[in-house]
Amino acid sequence: MSAQRVGTVSDLPPGKVIGVGRYAVGNAYGNYFAVTRRCRHLGADLAGGAIDDTGCLVCPWHQSTYDVMTGRMVRGPQGVLAKVPGLDFSYRMLTRVLPLGRTRVTERDGELYIGD
Ligand code: FES
């Protein structure tokens, strides 16, 4: 894949997530990341998510949480779904095998790009 422009560095301040093509691109407090946008739970758009205090990406639908460096879910679906026995564990296991896809984010002259 060729590099795709994300925007300027000021378009992506710490704590922000935006959608670029099939990726959710964010700034986890100085650490830029790009992961595929579809939540492994029910497919919510992770570009509409948030970054928590630990720098993880939080799904906007049921607040599953992803480690943006590995693409693995570190906390399963919350709310009533958190009470379903084994659900949290099974989704976390699923994303060990099938993590979110990732691509590189690079900065050149104040502009951010994803891909190679
Ligand atoms: S769709 Fe993401 S946690 Fe349910």
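**Thr103 and the cores of the chain**

The backbone nitrogen of Gly115 lies 3.5 Å from a polar atom of the side chain of Thr103. The model is predicted, so that local features need pLDDT of at least 70 and side-chain atom pairs count only at pLDDT 80 or more, while totals for chains, interfaces and linings use all residues. Residues are numbered from 1 along each chain as its sequence is written, and side-chain values use heavy atoms, with hydrogens and water left out.

Thr103 is found in strand E9, residues 102-103 (strands are DSSP runs of at least two residues, helices, H or I, of at least four, both numbered from the N terminus). At 19% relative accessibility Thr103 counts as buried, a word that means under 20% relative accessible area with a 1.4 Å probe and protein chains only. Leaving aside residues up to four places away in sequence, Thr103 touches Tyr23, Ala34, Ile114 and Gly115, where contact means heavy atoms within 4.5 Å.

Across the chain there are one helix and eleven strands, and 41% of the 116 residues count as buried.

The largest nonpolar core has 18 residues, such a core being a set of buried Ala, Val, Leu, Ile, Met, Phe, Trp, Tyr and Cys residues joined through side-chain atoms within 4.5 Å. Strand E3 (23-28), strand E4 (31-36) and helix H1 (87-97) each supply at least two residues of this core. Leu57, among the residues with the most contacts inside the core, touches residues including Phe33, Val35, Leu46 and Tyr66. A second, separate core of nine residues includes Val6, Leu12, Val105 and Ile114.

Notes: Buried < 20%, exposed > 50% of the residue type's maximum accessible area, 1.4 Å probe, protein only. Polar contact = N/O pair within 3.5 Å; in protein donor to acceptor, adjacent residues only side chain to side chain.
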